[in-house]
Amino acid sequence: MSSRPAILLISADGALADALGEAMRGDADFALLHHAGGLEASLAASTLARAAVVAVEVDAARRDHLFALQSLMMQCVGQPVVVLVEACSDAVQRWFFQIGVRDLLRKPVAGADVLGACRRLLAGALDPPSDYAEVTSFIPAAGGVGNTTLAIEAAMQILGARPNANSVALVDLDLHSDACADFLDLEPRLDFTEIGENGERLDQQLLEAMTTRHASGLALVAAPSVAGQLRELQSAAILRLLDVVAGHFQNVVIDMPRMWHPWTDGILIGSDRTFIVTDMTVPGLRFARRIADQVNARLGLKTSARVIVNRYERRFLGAGLRRGDVASALDGIFAGEIANNYQLVREAIDQGVPLGTVKPGNNISTGMKRILFECAQDERRAS
Ligand SMILES: Nc1ncnc2c1ncn2[C@@H]1O[C@H](COP(=O)(O)OP(=O)(O)OP(=O)(O)O)[C@@H](O)[C@H]1O
Ligand SMILES: [Mg+2]
């Protein structure tokens, strides 16, 4: 009998089972168990007991499915559950997370995506519990490259994988704009005067009062900007802020400013991973390469800073850049690309909502999910 951890697929969709089987072909890490009767057919406790992770197809319009899912959730002890659903309302989606579902994939879904979600959950479930957050920083290589957009999207993706009240904080350290708060239509509540010049008055309670909650559960830590005023803060205050935030939340995503401040190095050294965001232009790639090379050589980062190329165009126009050019310009430090989708980003900003609310499963969210997943895999391999 195989001693590999098993993915249990509960679905009457034979084609999906075949696709997952195909994606897992030759996979030495996992075995597949398929409960072909789907959620409506009773599942032997012994089958469930053999599963390390469960992927279950749910028809959100069927009450019997929702009841069956709820009872399945009560039987799952320590096995993370991924729901595969064709369509569902926001209310049902929230309910899934409330009953403990860890991830949700929209059908039609590729076998590789189901495998990826299971792999990610298992990796998370096996991670030793830590009371200090995983910190991910985003730095722009130039102005307007999409740093804020991608930091917010990354925070949303991490939140989607582990939804709970203290799961993810988005910290806006680009102090000269209110972009994070504006994009999410939230009020920034962080008050640097109140926390003290060196952040000495900041504790968990004060942080909670200065945190704004988004409907998704994301916590925003951002200060209102003052027009025309450059804010230069003591490094101690910023580093203390990060320390308290990281002690309170499981994941922290930081929108860093383009200008280097005296505290920038300290934040990057305290980060588990750093992404440099750039666009698909020759100078953009050059700037990003230079920043990455310099921080990697100068600061002993936990993991090397890597570059995300935003507004990536697959079809190259005229004498524009090809993918090969991007890959060779960023050889060894290329984290991945994010599609150009102006209409989607525009709509999300105008409505003050995350990209996934405008269009679930859109190409920017999918790209960010892939980048985060591949980075986590690389980090595990390296550790
Ligand atoms: N993947 C994308 N596709 C299309 N447009 C995008 C994409 N990402 C960002 N944008 C657009 O680019 C503009 C700048 O985005 P954003 O504010 O996130 O960049 P930034 O690097 O944080 O800018 P700033 O220098 O002002 O802080 C926005 O108008 C946004 O709509
Ligand atoms: Mg910005």
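How many helices and strands does the protein chain have? In this predicted model, local features need pLDDT of at least 70, side-chain atom pairs count only at pLDDT 80 or more, and totals for chains, interfaces and linings use all residues. Residues are numbered from 1 along each chain as its sequence is written, while chains are lettered from A and ligands numbered from 1 in the order in which they are written. The protein chain has 16 helices and 13 strands, these being DSSP runs numbered from the N terminus (helices: H or I, at least four residues; strands: E, at least two).

The C-alpha trace of the protein chain spans about 65 × 55 × 40 Å along its principal axes. With a radius of gyration of 22 Å, close to the 21 Å that the globule rule gives for 383 residues, the protein chain is as compact as a globular protein of that length. Here the radius is taken over C-alpha atoms, and the rule is 2.2 Å times the number of residues to the power 0.38.

Two domains divide the protein chain: domain 1 (6-126) and domain 2 (134-382), with bounds from an automatic or database domain assignment. Their centres, taken over C-alpha atoms, are separated by 31 Å. Eight residues of domain 1 are in contact with nine residues of domain 2 (contact: C-beta atoms, placed from the backbone, within 7 Å). On the domain 1 side, β5 (103-106) and α5 (111-126) each supply at least two residues, and the largest share, four residues, comes from α5. By class, this side holds two nonpolar, two polar and four charged residues; Ala, Val, Leu, Ile, Met, Phe, Trp, Tyr, Cys and Pro count as nonpolar, Asp, Glu, Lys and Arg as charged, and the others, Gly among them, as polar.

Turning to the ligand, 21 residues surround ligand 1, and the closest are Gly146, Asn147, Thr148, Thr149 and Val345. A residue counts as near if its C-beta atom, placed from the backbone, lies within 6 Å. At least two residues of the shell come from each of α6 (147-161), β12 (306-312) and α14 (342-351), with α14 giving the largest share, four residues. The shell has eight nonpolar, ten polar and three charged residues.

Helix α6 also packs with α16 (residues 363-382): their axes come within 9 Å and cross at roughly 70 degrees. The two helices are therefore roughly perpendicular, a label for angles of 65 to 115 degrees (under 35 is roughly parallel, over 145 roughly antiparallel, the rest oblique). Axes are lines fitted to C-alpha atoms, for helices over the stretch in contact, and angles run from 0 to 180 degrees between N-to-C directions. In this contact, Leu150, Glu153, Ala154, Gln157 and Ile158 of α6 meet Ile364, Ser365, Met368, Lys369 and Leu372 of α16.

Methods:
Contact = placed C-beta atoms within 7 Å.
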